[in-house]
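Here are my notes on the model you sent.

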Amino acid sequence: MQEYITFFSNHALLSIVWVILLGMLIYSFGRHFLSSVKEVSSQQLSLVVNKQDGVVVDVRGQEKFGKGHIPGALNAPMSQVKEKNFSHIEKFKDNPIILVCEDGQESRNAGRIMQQQGFSKVSTLKGGLVEWRAASMPLTKKR
């Protein structure tokens, strides 16, 4: 134990950085596991859409959405989500909603906002479109 105390006192800056990084790692994992917005895989997304009338909502901007999106997805850019403008997806409030973004980070934030606004069955696509493409799943440019 004395060796640890000596190390920490001799390398205070390194020790502080290590403690901060450890805290950030614990916070990140805790936030992920305690989040009420769950993640679904590409295969689970297909099952939810086909068997439970799930709705895919892409939170990327219209330009990126137009370059390629999951077939049947609706576009609700993150700017609209932050403004709590859900007029075009309000009718799906009780359906399972799967949020999609490029890498899965932005959709998690959108999911928390949507749950606060009364959307009850919100989840995100794990890994976003990056994982969707990696699984060789289809994309479309049709609106």
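1. Accessible areas here come from the Shrake-Rupley method with a 1.4 Å probe; for residues, only the protein chains shown count as cover. On that basis the chain exposes about 9,100 Å², and carbon and sulfur atoms hold 58% of this surface.

2. The model is predicted: local features need pLDDT of at least 70, side-chain atom pairs count only at pLDDT 80 or more, and totals for chains, interfaces and linings use all residues. Residues are numbered from 1 along each chain as its sequence is written, and side-chain values use heavy atoms, with hydrogens and water left out.

3. Seven helices and five strands are present (DSSP runs, H or I of at least four residues for helices and E of at least two for strands, numbered from the N terminus). Their order along the sequence is α-α-β-α-β-α-β-α-β-α-β-α.

4. The radius of gyration, taken over C-alpha atoms, is 20 Å, whereas a compact globule of 143 residues would have a value near 15 Å (the rule is 2.2 Å times the number of residues to the power 0.38). The C-alpha trace spans about 65 × 35 × 30 Å along its principal axes.

5. Of the 143 residues, 34% are buried (under 20% relative accessible area, 1.4 Å probe, protein chains only).

6. Helix α6 covers residues 105–116 and reaches 18 Å from its first C-alpha to its last, close to the expected 16 Å (1.5 Å times one less than its number of residues). Its buried residues are Ser-107, Arg-108, Ala-110, Gly-111, Ile-113 and Met-114. Gly-118, which follows α6, has a positive phi near 100°.

How values were computed:
Buried < 20%, exposed > 50% of the residue type's maximum accessible area, 1.4 Å probe, protein only.
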